[in-house]
Amino acid sequence: MTNRFDIIVVGGGHAGCEAAMAAANMGSSVLLLTPDLNGLAKMSCNPAVGGIAKGQIVREIDALGGYMGLVTDAATLQFRMLNRSKGPAMWSPRAQCDKQLFSKTWLSFLLSNSKLKIYADFAESFLFENQKICGVRTITGAIFYSEAVILTAGTFLNGKMFVGRHSFEGGRIGEKASYGISDQLASAGIPVARMKTGTPPRIDIRSVDFSRLLRQEGDASPERFSFLDVPSAVQDGRGQMECYILHTNLKVHEILKSGFDESPLFTGMIQGKGPRYCPSIEDKLRTFADKDSHQLFLEPEGKDSPEYYLQGFSSSLPLEVQMEAMHAIKGLENVEVFKPAYAVEYDYFDPQYLNYTLESRVIESLYLAGQVNGTTGYEEAGAQGIVAGINAHLKVSGREPFILRRDQAYIGVLIDDLICKGVDEPYRMFTSRAEYRILLRQDNADSRLTALSYELGLASEQRYKLVMLKQEQIETLSEYCDHRKVKASEVNDYLLSKGSSTLSESKHLAELVSRPELNLEELLQIVPRGTNEHFSSEVVNSVETAIKYSGYLDREKLQAEKNARLEYIKIPDNFDFDSLSGLSIECRQKLTKYRPGTIAQASRISGVSPADISVLLVFFGR
């Protein structure tokens, strides 16, 4: 085995796997350094992919030529499209997965790539030459050299776990932590801080009383994550598994509160900030003290496994308190557990010290992706991984970097937020973080991104042709809706059934589709057509969305175009902001610290006012 590669990826989580495959598929020789081949892209917490905004990110990863969507489809146990009752900008796919099959599928993809090698070991330190990273040394003494390194160590850097007053080292239960790298990067000038996350107990489903729980079933017609025409596991006839809904109560809350004096969150043992939007059960009781009940979910971890995940019950309380509280929940009176809930505290690095390529501004050719940048979630990690992998390859190849704007992708929003705003708690993506969310829908991620990726050499020709075919069909159906005149006799009965006003004269089909109560798919079944051409539900939904939301879409496009102009006004790398006396003192300090590359990036930094942007525009815009 050679010890020289173009790129080394440290860490085999969701970010590391995407980074390694992206760089290898683009032509780089890649080493993936991870301690456990059977734990690749391990679903440490909930074995589910997608959800609000996260589902959009997964479809973007897939559109770029990544693998999270394909792996999810192969391992799906249950599929649901969330927020169907809301507008299409809010629709978000989510899949419960078989976590063992998920990792096994990822391993098969990685092993199939001839440009990618895997070595099972822990990274101990980085190697440098002329202030540039050039390799990695492992704890067993192995040395590997490369042109670039991508660090995706997740929660393992100085990781420490907590159950009540008991604490022990590790990145997740049963797996050792990684030491040395944090100190090395801190000494090089990259700020290091601590964050906290947690996971709930794993339940033995055989000890649960199903009769007292509410079943939650998957969609009757499950979809897939990948835009490639590959059926998912549930579409392939394997069937879906049920999840279950249950609730805490006042007795449960009193039991939990009795253990607060032993909670490391409240005793000061844990210093890191935890995720606001996935809090521990003790955080919920403290933050929402007026609530008598909190909703919980029991979700399967595998097709042939009795292990279930108790979503909503993350905790670092003592085991005996956890057990007593669970026994007070309806349906869990006799529950047994395979694994207790626990908290994890770990190191992360300030993402404001990164470029938009995810390369460090402090250490050349070092890229960081995933939870080491202060994010939380498999999807956010995978998104950073594929961007880091793409850009590491481009740098090694001497090509221009790949940067996604906020109006192009949720991935662009994610990276821009990290770099311009930084983090003081684990960052999680929400649709509300994106100002162009009607443009950035889950159904059009391929239309937005695949052509860009194809030009880079990442997205396959198969993907590109599928997108071109889809675009042709969208244009064909759009033209049909614009030009097809519908007679009153053809649709009035249907309109009456929908509570919609009837026609007194013919109208174009698009005019009918614009009515909120009407559905294009149903109209196409009613209105006679001169062709038997069949359109997929994705095509029909895209056309219907474009018609119904045309005003909003035009407004967002116009605003995006205005803001994009600021992206083209560059700020020189070493510009002296103190030389501009018109800037506020805070603005000068922030711009000097974070070195934005454009006026648009400067405008999104906290502490930079509109008046400061006007000064920059006068100076650089001329």
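Begin by selecting helix H12 (410-421). This helix has twelve residues, and from its first C-alpha to its last it reaches 16 Å, close to the 16 Å expected at 1.5 Å a residue. The expected span is 1.5 Å times one less than the number of residues. Helices (H or I, at least four residues) and strands (E, at least two) are DSSP runs, numbered from the N terminus.

The model is predicted: local features need pLDDT of at least 70, side-chain atom pairs count only at pLDDT 80 or more, and totals for chains, interfaces and linings use all residues. Residues are numbered from 1 along each chain as its sequence is written, and side-chain values use heavy atoms, with hydrogens and water left out.

Colour H12 by accessibility. Eleven of its twelve residues are buried, so the helix is largely enclosed by the rest of the structure. Buried means under 20% relative accessible area, exposed means over 50%, and partly exposed lies in between (1.4 Å probe, protein chains only). Among the buried residues of H12 are Tyr410, Ile411, Ile415, Asp416 and Asp417.

**The cavity**

Next, select Tyr356, Val387, Phe402, Ile403, Leu404, Ile411 and Ile415, which line the largest cavity. On a 1 Å grid over the protein atoms alone, a cavity is a set of points where a 1.4 Å probe fits but cannot get out; a pocket is an open set with protein on both sides within 12 Å along at least five of seven lines, and lining residues have an atom within 4 Å of a point. Grid points are joined across faces, edges and corners, and a volume is the space filled by probe spheres set on the points. The count comes to one cavity of 30 Å³ or more, and about 30 Å³ of space lies in the largest cavity.

Which classes of residue line the largest cavity? The lining has seven nonpolar, no polar and no charged residues. Here Ala, Val, Leu, Ile, Met, Phe, Trp, Tyr, Cys and Pro count as nonpolar, Asp, Glu, Lys and Arg as charged, and the others, Gly among them, as polar.

**The second largest pocket**

Helix H11 (378-396) and helix H12 each supply at least two residues of the lining, and H12 gives the most, with four.

**Aromatic pairs**

Now display the rings of Phe, Tyr and Trp (its six-membered ring), which pair if their centres lie within 6.5 Å; planes under 30 degrees apart count as stacked, over 60 as edge-to-face and the rest as tilted. By this rule the count comes to 13 aromatic pairs. One of them is the tilted pair of Tyr67 and Trp106, with 5.9 Å centre to centre and 50° between the planes. Tyr67 lies in the loop between helix H2 (54-63) and helix H3 (68-75) and Trp106 in helix H4 (residues 99-111), so the pair ties together parts that are 39 residues apart in sequence. Both residues are buried.

Move to Phe210 and Tyr244, whose ring centres are 5.0 Å apart and whose planes are at 40°, so this pair is also tilted. Phe210 is in the loop between strand S13 (202-204) and strand S14 (214-216), and Tyr244 is in strand S15 (residues 243-247), 34 residues apart. Phe210 is partly exposed, with a relative accessible area of 34%, whereas Tyr244 is buried at 5%. Then select Phe575, Phe577, Phe619 and Phe620, which ring pairs link into a cluster.

**Charges over rings**

A charge sits over a ring if NZ of Lys or CZ of Arg is within 6 Å of the ring centre and within 35 degrees of the ring normal. Select Arg84, which lies over the face of Trp91 at 4.7 Å from the ring centre. Then select Arg433, which lies over the face of Tyr427 at 4.2 Å from the ring centre.

**Two loops with positive phi**

Most residues other than glycine have a negative phi. Select Ala41, whose phi is positive, near 50°. Ala41 is found in the loop between strand S2 (30-33) and strand S3 (48-50) and is buried, with a relative accessible area of 0%. Finally, select Gln131, with a positive phi of about 65°. Gln131 lies in the loop between strand S7 (123-129) and strand S8 (132-138) and is exposed, at 70% relative accessibility.
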